[in-house]
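Subject: Handover of a structure

Dear colleague,

Please find below the structure that I am passing on to you. My notes on what was found follow directly after it.

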Amino acid sequence: MIQPKVEIYQGAFVGKGYHDRLRWAAFCPSIGEIHHGPANHVPIQEGLGASGLGATFSPFFQPDAPEIAYCIALSDWWRGITERPRDSVTPQQPIQRHHSMHRVHRLISETGPFVPPDGYFDCTVEVLKVYTNSTVHTMYATDYTRNNDMSGAQSNSWSSSLSEYVLQFEMWDDAAQIAGEMRPGEYYSIKNARMKINSAGQLEGKVVQDKIVKLDESDAATSIHLKALLERKKNWEAKETSLEPEISYQLIEDVKEGKFFHCTVEVCFIPFAHVNPF
């Protein structure tokens with residue numbers, strides 16, 4: 001099982017799994033293969049959040065070669081224990097699982113909450129907007145790559161055609177102090193960010209530590225990641241064949257998905273209060 005949580009419940013240790021985190025697979029020692037139980041009609045994956053429009057999630061873990069090798073070693077160890085006479089069994093050191101995957105620099109398109117190691121990654125981004133709310137700062141940024149599980153973010157602070165390339169970062173603790181000084185159009189190298197799925201079923205980044213360095217375009221001479229970002233930005237700008245059309249008043253029946261518009265409406269019902277950070 002991947003990402004279970006151990007808690008103390010009524011004086012005993014119990015395992016707890018979350019619907020948007022827990023993934024599992026079973027190993028059959030007799031044939032040395034991974035399986036997910038008998039065939040059934042359960043969907044392999046589905047979208048999280050309201051109406052399934054959030055990030056795609058699958059509870060079925062697909063182990064890689066090191067994971068399978070660990071299962072085989074554990075199976076061999078247990079077989080050796082069970083085949084010995086009971087009075088000859090002596091305590092042994094448990095098999096240690098070694099993680100060879102270290103945190104690396106990734107594009108936003110390459111990240112994910114289940115990408116090793118545990119969703120952590122380094123990145124280089126351009127800041128588009130920072131919104132402050134009490135102790136947490138929300139930063140919207142891009143590296144001009146698109147993650148297929150990312151819904152993007154709409155705002156009049158950037159072109160609608162860029163929305164699918166925008167990732168929301170929640171900046172906490174030491175990172176929040178730096179986020180308060182960030183300005184749109186600035187470039188930053190961020191280390192030890194983590195991709196997670198928020199309560200709405202959407203992907204978002206989380207940064208806690210102050211391992212953040214501001215970059216200038218001149219740093220592209222020594223930073224291959226900033227250089228690549230600037231090249232992607234240039235290519236994206238070249239594809240913009242025209243400026244965003246001027247926002248005009250429209251009837252609701254005439255509006256187009258993903259496009260901003262002005263309107264005059266009659267309010268019929270307000271289900272809850274909501275503050276729009278934009």
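In these notes, a residue is called buried when its relative accessible area is under 20%, exposed when that value is over 50%, and partly exposed in between. Please bear in mind throughout that this is a predicted model.

I begin with the cysteines. C71 has a relative accessibility of 24% and therefore counts as partly exposed. C263 is likewise partly exposed, its relative accessible area being 37%. A disulfide is a covalent bond between the sulfur atoms of two cysteines. The count of disulfides in this model comes to 0.

The largest nonpolar core comprises 25 residues, and the members that touch the most others are M139, F169, M171, M182, I190, V207 and I212. At least two residues of this core come from each of strand 7 (120–133), strand 8 (136–142), strand 9 (167–171), helix 2 (173–179), strand 10 (187–197) and strand 11 (203–207). Strand 10 contributes the most, with 5 residues. Domain 1 (5–83) and domain 2 (108–240) each provide at least three residues of the core. Apart from this core lies another, of 14 residues, which includes L128, V166, L215 and W236.

Two residues illustrate the surroundings in more detail. Leaving aside residues up to four places away in sequence, I212 touches M171, A175, I178, M182, Y188, S189, I190 and V207. With the same exclusion of residues up to four places away in sequence, S189 touches C123, T124, K211, I212, V213 and L215.

How many of the residues of strand 8 are buried? The count is 7 of the 7, so strand 8 is largely enclosed by the rest of the structure. In a regular strand the side chains alternate between the two faces of the sheet. In strand 8, V136, T138, Y140 and T142 point one way, while H137, M139 and A141 point the other way, and all are buried.

Strand 8 also pairs with two other strands. With strand 7 the pairing is antiparallel, over 7 bridges, and K129 stands opposite Y140 of strand 8. Strand 7 and strand 8 form a hairpin with 2 residues between them, and S134 in the turn has a positive phi of about 60°. Strand 8 and strand 9 also run antiparallel, joined by 5 bridges; here A141 has L167 in strand 9 as its bridge partner.

Finally, the aromatic residues. The count of aromatic pairs comes to 4. One of them, formed by W24 and F60, is edge-to-face, with 6.0 Å centre to centre and 65° between the planes. W24 lies in the loop between strand 2 (12–16) and strand 3 (26–28), and F60 in the loop between strand 6 (56–57) and helix 1 (65–82), so the pair ties together parts that are 36 residues apart in sequence. W24 counts as partly exposed at 30% relative accessibility, whereas F60 is buried, with a relative accessible area of 16%. W77 and W78 form a tilted pair, at 6.0 Å centre to centre and 45° between the planes. W77 is partly exposed, with a relative accessible area of 29%.

Yours sincerely

Key:
Residues numbered from 1 in each chain as written. Predicted model: local features only at pLDDT ≥ 70, side-chain atom pairs only at ≥ 80, totals over all residues. Heavy atoms only, no water. Core = buried A, V, L, I, M, F, W, Y, C linked by side-chain atoms within 4.5 Å. Buried < 20%, exposed > 50% of the residue type's maximum accessible area, 1.4 Å probe, protein only. Helix = DSSP H or I, 4+ residues; strand = E, 2+ residues; numbered from the N terminus. Domains from an automatic or database assignment. Contact = heavy atoms within 4.5 Å. Pairing = 2+ DSSP bridges. Disulfide = S-S within 2.5 Å. Phe/Tyr/Trp six-rings, centres within 6.5 Å; stacked < 30°, edge-to-face > 60°.
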